[in-house]
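Colleague: I would like a close look at one part of this assembly. Please keep it short and plain.

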Protein chains: 6
Amino acid sequence: MRIHVINPNSTVSMTAQIGRAAQRAASTGTEIDLVTATGTPVSIEGYADEALAVPAMLAAIRTAEARGAKAHVIACFDDPGLSAAREVAAAPVIGICQAAVQVAVTLAARFSVITTLQRSVPIIEDLVESYGAGRRCRRVRAIDLPVLALDENPEDSYALLVAEIRAARDQDGAEAIVLGCAGMAEMCERLTEETGVPVIDGVTAAVRNAEALIGMGYRTSKLGGYAWPRAKTGGFAPEAA
Amino acid sequence: MRIHVINPNSTVSMTAQIGRAAQRAASTGTEIDLVTATGTPVSIEGYADEALAVPAMLAAIRTAEARGAKAHVIACFDDPGLSAAREVAAAPVIGICQAAVQVAVTLAARFSVITTLQRSVPIIEDLVESYGAGRRCRRVRAIDLPVLALDENPEDSYALLVAEIRAARDQDGAEAIVLGCAGMAEMCERLTEETGVPVIDGVTAAVRNAEALIGMGYRTSKLGGYAWPRAKTGGFAPEAA
Amino acid sequence: MRIHVINPNSTVSMTAQIGRAAQRAASTGTEIDLVTATGTPVSIEGYADEALAVPAMLAAIRTAEARGAKAHVIACFDDPGLSAAREVAAAPVIGICQAAVQVAVTLAARFSVITTLQRSVPIIEDLVESYGAGRRCRRVRAIDLPVLALDENPEDSYALLVAEIRAARDQDGAEAIVLGCAGMAEMCERLTEETGVPVIDGVTAAVRNAEALIGMGYRTSKLGGYAWPRAKTGGFAPEAA
Amino acid sequence: MRIHVINPNSTVSMTAQIGRAAQRAASTGTEIDLVTATGTPVSIEGYADEALAVPAMLAAIRTAEARGAKAHVIACFDDPGLSAAREVAAAPVIGICQAAVQVAVTLAARFSVITTLQRSVPIIEDLVESYGAGRRCRRVRAIDLPVLALDENPEDSYALLVAEIRAARDQDGAEAIVLGCAGMAEMCERLTEETGVPVIDGVTAAVRNAEALIGMGYRTSKLGGYAWPRAKTGGFAPEAA
Amino acid sequence: MRIHVINPNSTVSMTAQIGRAAQRAASTGTEIDLVTATGTPVSIEGYADEALAVPAMLAAIRTAEARGAKAHVIACFDDPGLSAAREVAAAPVIGICQAAVQVAVTLAARFSVITTLQRSVPIIEDLVESYGAGRRCRRVRAIDLPVLALDENPEDSYALLVAEIRAARDQDGAEAIVLGCAGMAEMCERLTEETGVPVIDGVTAAVRNAEALIGMGYRTSKLGGYAWPRAKTGGFAPEAA
Amino acid sequence: MRIHVINPNSTVSMTAQIGRAAQRAASTGTEIDLVTATGTPVSIEGYADEALAVPAMLAAIRTAEARGAKAHVIACFDDPGLSAAREVAAAPVIGICQAAVQVAVTLAARFSVITTLQRSVPIIEDLVESYGAGRRCRRVRAIDLPVLALDENPEDSYALLVAEIRAARDQDGAEAIVLGCAGMAEMCERLTEETGVPVIDGVTAAVRNAEALIGMGYRTSKLGGYAWPRAKTGGFAPEAA
């Protein structure tokens, strides 16, 4: 089975990191079709970065579907363009935030999210609320580090995350942690081991979720909110080739 | 004072209709800076159309701000890219759905929304809920007509709207109606007169709201969720010139 | 256009302050019909004060409407009797809390409210929740000062407000502040300038909102919850003369 | 123990009916201190009627407390002035809507409310929601009959209620019914017997609840939202004599 | 009237304490039918303890009903098996958490809960939310003491509770306290006296509530969610003898 | 990997059907450890049946874990004892309702649930709400057929389900259907094909979800609400052998 994993930002090194996490998550026989969006912002930190990244991401979804992708993973924690992607795809589309939250509520009664910048806190709060997990999410925390700094100073980032996980456990009563940035994926297991708190990475969760949905043969419903786009000038073709 | 009214879709005749509604709403001394987005879908019917329209719309907002716009009105009822627009603008940004809902809850204890296509029903339900008016909104109804058909068959559209308004009043207990498409703006007063139900048009509401906010001297807060975008390749400039 | 601004408490100096704020907010051509309720408590601090103020306030609304008022502003942050006022008025009725909250959610992703006494905190929390902005309001804070003390010690009050605004920004992540008492109106701009946080005053917001609604020709819906009172002994006349 | 039962409207025959229901509910040793508010509307149908009734009702509460009342029952289904009453009373104050809803959620997983006029539907919906039972309340229904007509045409009213209860059971899936008007109290048992659906009357529920609270020795908390009014011209005395 | 009070855990000394609180709460003429569940955990601290206690508790409810119980009180703050108990009983069934919360929202605008162990915090939060009082509950606090330790070290427990009540008042703005464990019942009055904060004990509240419901002649609705169990192998008899 | 699938009721033919659905869902290399609870009701239709089934089910979970189960699936749509099971297990525990709802919100903007008996409607409504999908669930419908009748009259049941699915699509605007009973699992694909509506079966969803969680190496968090039971007479051993 072929899973399309799209990094909506244009930073290739971040795609590589996402790819490593996706590969480690994938079962034997799963092929990861890893794509970096082109012409999009180098990192997604706020609503405008999201908006600029979505059209190229939607095009990539269409192309990947034509290449045979049976599910799509949007590898950015803001789940940018998730509903739009479901509209243009026949295959299921999974956002890493939604996937991680679904794992968190299965493993723990209460969880916290740790993201990069403070500006992303209301974005993620609203996202988690829209997924119905607002009451189970104790708090969305930020380590005050830009996305690309995660990669540049991995050890500093790691130390900040460890401290923040411990604060979430002790101050929020968090029983599990959701990592609020795709760029934190590779630190996930090490963080769990060091802190003793289950730490959940959305890239891993989404790839596994994609395999599960493909295995069940499910496709996005085309009966209402996610129906094919209507044919029109300036719009997407109604249906993938 | 100068108010930028952007039609996020690329249909010029629809912009003209929006412009007429905006002009009629505007006070003496208000200048409507009316813009049609370029290269965007000819109508916005669903999440993907929204996504494709937003980048051009954000660019138009920046340009209009440079031309001296003191507020921005996004003239599409899905309020596409509203948060992103607030991020790239210094001036307040008003979505016609949010503006219409704010009027509705001031005039009536319960209201219904009437939109074009069924596919837009969950989109608008989620929007109204996110604006905190979910409990006051009795129902989102659709007349099953594409956006551009409103313009092509105005009398048929009008008849469908009259019937749907009466159904909302009698079956939902709606005390006011919000028109769920910018393309319905010009029918607003006639619908009120014919049905006796207060009918609210978002374009009018947003232009008036824009004048009010400009008059108060308010600008979008740059302290958190709507902070300037961070400088980056592929992103918007952090601050308008 | 004539806007009736009613101070539901009976303190004339507070009416004067509200009047100055209203005048400053008003556009050319707007006439502020400024009224102090008679026989009501000298300040409104809690549910009983509200209840005692409402009947005289409703009578004032009826009288002002007969004088030609095209909109009514209730200039007390608890929005006392707002629904009842909508029932007895043909013109739109605006509460300064609801108006300020509508501005806050337009300018900022998250805001806090700062009021006078701790006893008002649950009142305002419930009000903000009923307006659908509960999730966007980080916290309702109090400076522990009675309403009339604002006027008596303006500089001390100002200093307390500055400190509380900074606490809201730093501890709550508030991106904007709503002033939770009509008696704070005149300090609004100075507070914004000193703290750099957008500060929203409900009197200004309501007057501007009133102008907008009058301009649109809207009147309160008489089809359901805000229908005219039924004729009865001891009740209001069903309809204004 | 002495329970003050106040009819906030000024119709003495309705007070008598409430009194009979209260007496039937009361245990041996309970004295019902039955009062008709003076100068208030003859029936309470909407927000303005409520507002006009509350000040006299608050005064009655103070007087009754001086006479030795150990609890207060507000015998109008809109629970007018409930929070204000808690502020001016030392003893617990019980609204018949809140009391009935507390019984309903104890006896049934889902219930409906049946009231008099359509105009009261949003009022009661908001009240039930504020008591936290919105999700358990299937629907608020109206029989389209003014309050005083209940008394004038008891058999017609009874027939309308029977039909509406059956509709609520069959169409809403209601497992119990809350009667949405104090004037329906005396029909409660007969309605249960005829329809087989548990029918709950708020006057009975509130008197029983009052006995329970008195027995436990509880008094209204004076630490926050229901603290004594502050001493002021035009206000209530801070504390009952 | 006969009220069945069941301690779902198997610790007889705790039943005795519950019995003393129930007796003190009961009116003259009320008979407390006090039962200790057999074979259940010695204390209920978490979901599994609850699950293990419920079948024996349901059997005890059936037996007590056959003995003439007119209401049932489940004397454990997690309200274990409350819905199931309503299904197997004709008489009303009262959980001490729900009863205490109903009292709290009558006496105070905001309250906090104080329980034993941290692990019970999410359980009680979810319970309070399901009873519709989530927004009125400031916080669920724990004193980090196992249930049985309450009895073993009453003075230490008492001191911890006093400190926690004061913290709830000062830090949470709690206006009343709900004791979150049946084993705290006997300390209730002394805690109120020492702290000046109204402290609510669920056993007392539930017994009083039971008397009220019996007095009204109410029985559990058998029309939907609490209908008699269907006859089946391994199940309960559909109806009590 | 070994997945424990427990049928909490004691009907072996139903376990067989669940087993066939689980096997069909399982990947190569997955071993389904299929267990029928012993001594529990023959079907689970209501709260009491649930309560009677849970202790044996918890014991089965402990035993299966000792046999090497790496995840547990509770194959009853009410998700009975889900939180308790998470407390006694080291491995993740998945309820088929929660798993199906997680799939539904990934594939569709709005869904409906179809269950067996009307009495289960409020149970499932509350469950879906507690999983945060209340707003996305249009309606919980029932075909008025007992659980065991599904197996006895498969073709009649099938016809009822087809009709109900079409009603959900046409009347509710449901874009996908969740089957509200484990006994409907084998009809899932045929229903999708006949109606064109994506139909989701929880057994399949849960087995796939289990594989995903096992693959990620996740285990239930033991830090709060799902911590090991405390050691006590009458309770579970704190930790699985």
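How many residues does the contact take from chain D and from chain C?

Modeller: This is a predicted model, where local features need pLDDT of at least 70, side-chain atom pairs count only at pLDDT 80 or more, and totals for chains, interfaces and linings use all residues. Residues are numbered from 1 along each chain as its sequence is written, chains are lettered from A and ligands numbered from 1 in the order in which they are written, and side-chain values use heavy atoms, leaving out hydrogens and water.

The contact (heavy atoms within 4.5 Å) takes 35 residues from chain D and 35 residues from chain C. Together the two chains bury about 2700 Å². Buried area is the accessible area (1.4 Å probe) that two parts lose on being put together, summed over both. Carbon and sulfur atoms carry 61% of it. In chain D, the residues that lose the most area to chain C are D:Y47, D:R119 and D:R230, together 24% of what that side buries.

D:R230 also forms a salt bridge with C:E45. The term means a side-chain nitrogen of Lys or Arg within 4 Å of a carboxyl oxygen of Asp or Glu. Here the closest N and O atoms are 2.8 Å apart. Between chain D and chain C the count is eight salt bridges.

Now the helices (DSSP runs of H or I, at least four residues, numbered from the N terminus). On the side of chain D that touches chain C, α2 (47-66) and α3 (82-88) each supply at least two residues. The largest share, eight residues, comes from α2(D).
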